[in-house]
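Morning, everyone. Please look at the structure on the screen while I talk.

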Amino acid sequence: MLSLIVAMDPKQGIGLNGFLPWRIKEDLQLFKQATVNHKIIMGQTTFMGLPKALPNRHTIVVTTNKEFTLDIENVSVEYDLIDLLKRYEHSDEEVFVCGGSSIYKQSLPYVNRLCISHVKKEYTVDAWFPEFDWNQFEKVKEVEFEEFVYCEYIRKEDVK
Ligand SMILES: NC(=O)c1ccc[n+]([C@@H]2O[C@H](COP(=O)([O-])OP(=O)(O)OC[C@H]3O[C@@H](n4cnc5c(N)ncnc54)[C@H](OP(=O)(O)O)[C@@H]3O)[C@@H](O)[C@H]2O)c1
């Protein structure tokens, strides 16, 4: 099973200069809670923007550059995102797609669940979450926080 996790502002902005445009502690805590002890998939750009590999989960970094390797505990590199998504699309294990823009765009057709923090304030950004058909998903959870609203959506055909 593939879940996608993202924080986006009202215009679907998600990043600035390779980093998150905001620092929202409660959202980082939610991200940690959701992804800990799981495999997480992220693009090479997003990974390189992290201060260090995220502890207590396995990060799969994707790049098309076959010469790119990383020798870091709990980090592996894959060179074909679509192949990776197909491997986990129907697995019992929940794997999280963690961005950024280009990885979200290519992953949307494969993911079963969206975990979205809708940040209330609009920020200056240079990276966006892709346009997609929200009608394909049904909202199943909504929790209000001071700076964002956390919502979960399930692909309609998967709603029991
Ligand atoms: N708000 C949030 O929740 C959130 C979450 C994550 C990231 N972000 C933000 O998103 C921005 C980065 O997004 P981005 O689109 O520039 O970069 P990205 O999606 O993190 O990484 C893009 C890279 O992934 C690799 N890639 C893309 N498609 C691939 C495929 N089919 N197979 C293998 N590798 C593939 C390529 O690496 P090569 O060029 O090396 O081939 C590509 O340059 C940053 O600002 C970051 O902070 C925000």
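Start with overall size. A compact globule of 160 residues would have a radius of gyration near 15 Å, and the protein chain has 15 Å, so the two agree. That radius is taken over C-alpha atoms, and the globule rule is 2.2 Å times the number of residues to the power 0.38.

A word on the source. This is a predicted model: local features need pLDDT of at least 70, side-chain atom pairs count only at pLDDT 80 or more, and totals for chains, interfaces and linings use all residues. Residues are numbered from 1 along each chain, as its sequence is written.

Back to the chain. Its C-alpha atoms fill a box of roughly 40 × 35 × 25 Å along the principal axes. Buried residues make up 29% of the 160; buried means 20 or more other C-beta atoms within 10 Å of the residue's own, with C-beta atoms placed from the backbone.

Next, the fold. The protein chain has four helices and ten strands. These are DSSP runs, numbered from the N terminus: helices are H or I with at least four residues, strands are E with at least two. The order is β-β-α-β-α-β-β-α-β-α-β-β-β-β.

Methods: A residue is buried if 20 or more other C-beta atoms lie within 10 Å of its own, exposed if 12 or fewer, and partly exposed in between; C-beta atoms are placed from the backbone.
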